[in-house]
Amino acid sequence: MNIRRVRFDHPDAVTLNDEVQAEYQLRYGDGGDATVLDTNDFDPPRGSYLIAYDELDRPVATGGWRSQDLNDEGNENGDAELKRMYVIERMRGHGLARRILSALEEDARAAGRVRMVLETGTKQPEAVALYTSSGYEPCAKFGYYRFHEESLCFAKKL
């Protein structure tokens, strides 16, 4: 696997984002994640966006983080918010999500962030298993979906 940093508007990032949004639609029936994201959110040093490529240089997994500080959506100073973690179906079960997650945590720590936070949902048990097995613990809800019953929020000190 070759993991590369790209911009959130890179064509491969757009393709994978469309795929993850389609998966959210299948699981939740709500049109996908409505959280507002800006390409610049993931530009270093205030964020990062990664894509894993297979041996044929095809994009197979993705994830990013963006800086968040104290705001009216429940974030705290020093937060790094994990966004758009996704592995294409045929590549699941090979540890790619864990590799992307580890790289994002390391990158956010190096950028001075002190806590990684994420929001997932009750219909994503694989994500919950990944995060809890990686040291994430439930935290106060934050972000766009903080009032939704199906929302689950987790955090980990960096």
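1. The model is predicted, so local features need pLDDT of at least 70 and side-chain atom pairs count only at pLDDT 80 or more, while totals for chains, interfaces and linings use all residues. Residues are numbered from 1 along each chain as its sequence is written, and side-chain values use heavy atoms, with hydrogens and water left out.

2. Seven strands make up an open sheet with mixed pairing, in the order β1-β2-β3-β4-β5-β7-β6; strands (E, at least two residues) and helices (H or I, at least four) are DSSP runs numbered from the N terminus, and two strands pair if DSSP finds at least two bridges between them. At the edges stand β1 (2–5) and β6 (137–138), each of which pairs on one side only.

3. Strand β3 (residues 59–68) pairs with β2 (residues 47–53) in the antiparallel sense over seven bridges, among them Leu50 with Gly63 and Ala52 with Ala61. Five residues lie between the strands in this hairpin, where Asp57 takes a positive phi near 65°.

4. β3 also pairs with β4 in the antiparallel sense, over seven bridges, and Trp65 stands opposite Leu82 in β4. Nine of the ten residues of β3 are buried, that is, under 20% relative accessible area with a 1.4 Å probe, protein chains only.

5. Helix α1 (residues 11–28) packs on the sheet, touching β2, β3, β4 (79–87) and β5 (115–121), where contact means heavy atoms within 4.5 Å. The direction of α1 makes about 85° with that of β4, the angle being taken from 0 to 180 degrees between N-to-C directions of lines fitted to C-alpha atoms, for helices over the stretch in contact.

Definitions and conventions
Buried < 20%, exposed > 50% of the residue type's maximum accessible area, 1.4 Å probe, protein only.
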